[in-house]
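Morning, everyone. Let's get the model up on the screen and walk through it.

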Amino acid sequence: MTVAEKKTARWFLVVPQWWKQAFRYAGPERHVLLLGAKSTLAAALAWTVSFYFLEAQSPAFAPFSAVTIMYVTVYQSVAQALRYVGAVVVGVAAQAALAYLTGPDLLTFVLVTVIALAIGRSRLLGVQGPQVATAAFFAFAAYSSAADNSERLAQLGQIVLLVVIGCAIGIVVTVVLAPPLRYRSAEYGVRSLARELYDLTSDVYPALRDGAPDAETTGRWRQSAARLDGLIADARAGLNNAKESVPYNPRRLLKRHHGPISFRGYEAVLNAVERTLHQLASLVRSLDQWKQEENDYEYHHFLNRYAAFLEAVSETALLLSTTDEKELRQQTDELTDLVGEAQTRRREVTDEALSQRLPLSDPTRPYGVLVVEATRLMEEIEYTNDTLCSLVEGQATS
């Protein structure tokens, strides 16, 4: 079988599975399918209005605009529509002003391009900045082909009108056709991040009970820690998407969504777990410096105490991986108990290091660094608990 035949066979296997997942489960596949359907409907409606009802000379502006501002959340669609309309108006206005002063010649086109590209870099327009130049180019073409000034103004006004119509239709379709409330994306992101904390600590503490870890083991831990930045970014993106899915969303008015909608609980856990993961990554790097057996000091009991501490940390991470904002009060009670247990185990680490007279101040040995890392990790866990407890108290008084 050739490479092309293999790719074709793989395509016939993957595509039906993709469609099956899109129809059966509420996941990325369904969101892609829904966004495509909404974009198609918005484009068709915009074309119908611009071509059949307005009989516009450039009807494609309306469906193009409708598709351009089509985002998953209502908030993003509205925000991008405002930026897009602003970009088009600025581009058309810049072209009209220069062309009126100097005429529609090559020099004017160059000046329009330079000005439009400069304006398009404005942070206020965001990702719609390049549309300033695009609108200016189309406006210049319409301006140049018109016979007189009145026709030119009519052409430019029609471009702006078609863009507004397209954006309005796109927003209406976004609002009416199943706009998602992405509670699960926030929940999944925070839980998956806490689960990574649990998995990494659960991998570390059993190995410490067997003695000093070898280079291969610590290297595996460092690889796991290196992935954390990407996972943190994904979790934060999921939380931001969940926040953006609420404003202007009519589904929040349904009976099951009555009451205040807040993601403060998830955000507090995410921030705290993020710092804890960074601290755990630092701890893993310290363990990676332990390359061989130590013969000058008795450290096995110390490592056992350290393993017990990390096991207690993993239990708190396991609880955080089941975070539910509606059950925070019960979960914070359980978390407080687990944090108290972890603090006890952390003290045992320090006491064991002192009782064995380990060289905590010797920078060439890992003991002092590990004690400091345990203290810092414990501080982050306590801060996580304090943050959630404060949140629960705030909810009770509000």
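Start with the surface. The protein chain exposes about 21,100 Å², and carbon and sulfur atoms supply 58% of that. Those areas come from the Shrake-Rupley method with a 1.4 Å probe; for residues, only the protein chains shown count as cover.

Ground rules next. This is a predicted model: local features need pLDDT of at least 70, side-chain atom pairs count only at pLDDT 80 or more, and totals for chains, interfaces and linings use all residues. Residues are numbered from 1 along each chain as its sequence is written, and side-chain values use heavy atoms, with hydrogens and water left out.

Now the fold. The protein chain has 14 helices and zero strands. Helices here are DSSP runs of H or I with at least four residues, strands are E runs of at least two, and numbering goes from the N terminus. Of the 398 residues, 44% count as buried. Buried is under 20% relative accessible area, exposed is over 50%, and partly exposed is in between, with a 1.4 Å probe and protein chains only. On contacts, meaning heavy atoms within 4.5 Å: among those between residues at least 6 apart in sequence, 77% join residues at least 24 apart.

How do α5 and α6 cross? The axes of α5, residues 106-120, and α6, residues 131-145, come within 8 Å and cross at roughly 155 degrees. So α5 is roughly antiparallel to α6. The cut-offs: under 35 degrees is roughly parallel, over 145 roughly antiparallel, 65 to 115 roughly perpendicular, and the rest oblique. Axes are lines fitted to C-alpha atoms, for helices over the stretch in contact, with angles from 0 to 180 degrees between N-to-C directions.

Who makes the contact? From α5, residues including F109, V112 and L117; from α6, among them V132, F137 and F140. The contact residues split into 10 nonpolar, three polar and no charged. Nonpolar is Ala, Val, Leu, Ile, Met, Phe, Trp, Tyr, Cys and Pro; charged is Asp, Glu, Lys and Arg; the others, Gly among them, are polar.

Last stop, helix α7, residues 149-176, which holds R152. Is R152 buried or exposed? R152 counts as buried, because its relative accessibility is 17%. Leaving out residues up to four places away in sequence, R152 touches P104, Y143 and A146. Q155 also sits in α7. Q155 is buried too, at 9%.
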